[in-house]
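Hi,

Here is the structure I promised to pass on. Have a look, and my notes follow below.

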Amino acid sequence: MIHDRSDNPIEKLIDICRQVFLLCLASENHLELLERAWVEMCQKIDALIVPTVPTVAARRGQKALIWQDGSEEQVVEAYVRLNAAANLTGVPALSAPAGRHSSGLPFGAQFIGPAHSEAVLLKPGQLVEGITGQLPMPVPAPTALHT
């Protein structure tokens with residue numbers, strides 16, 4: 001059973017997305033709950049701006065992330081957590097390059113809005129892209145040639 005844990009509609013939506021994903025339940029009832037939470041949140045905001053993913057790229061083969069509070073999360077869960085709402089409900093979402101982490105790895109900002117808000121989402125996406133400019137491609141690590 002999915003529980004609402006917050007009165008804040010944004011926190012409620014993110015919490016419901018996480019619960020739906022973690023339980024791997026995509027039944028009509030759970031999607032309906034997610035869609036209702038999204039509609040409720042969008043009555044108070046024009047768009048939600050979140051990182052595309054909550055961390056820079058994990059190391060190859062890395063299975064879990066350890067957060068600053070000591071909690072652990074599977075890499076695949078972390079990578080889809082912030083975009084699950086748009087993926088499951090079909091609301092528009094736009095991701096734009098937003099900069100580079102101190103490690104040199106790129107990160108993105110994701111803009112998610114209510115149904116039919118694509119034109120609204122393009123504006124902040126263009127603004128971020130204008131501020132960050134086109135990010136240069138990272139230099140690939142050398143690879144060993146096998147003969």
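Helix α5 (residues 118–132) lies across β4 and β5, at about 15° to β4. Helices (H or I, at least four residues) and strands (E, at least two) are DSSP runs, numbered from the N terminus; contact means heavy atoms within 4.5 Å. Angles run from 0 to 180 degrees between N-to-C directions, with axes fitted to C-alpha atoms, for helices over the stretch in contact.

Before you go further: this is a predicted model, where local features need pLDDT of at least 70 and side-chain atom pairs pLDDT 80 or more, while totals for chains, interfaces and linings use all residues. Numbering starts from 1 along each chain as its sequence is written, and side-chain values use heavy atoms, leaving out hydrogens and water.

The open sheet has three strands in the order β1-β5-β4, paired antiparallel (two strands pair if DSSP finds at least two bridges between them). β1 (48–51) and β4 (93–100) are the edges, each with a single partner strand, so one side of each has no neighbour in the sheet. β1 and β5 (residues 106–112) are joined by four bridges, and proline 51 has alanine 109 as its bridge partner in β5.

There's one salt bridge (a side-chain nitrogen of Lys or Arg within 4 Å of a carboxyl oxygen of Asp or Glu): arginine 81 meets glutamate 73 at 2.9 Å, N to O. Both arginine 81 and glutamate 73 are buried, i.e. under 20% relative accessible area with a 1.4 Å probe, protein chains only (exposed is over 50%, partly exposed in between). Buried residues make up 32% of the 147 in the protein chain.

Cheers
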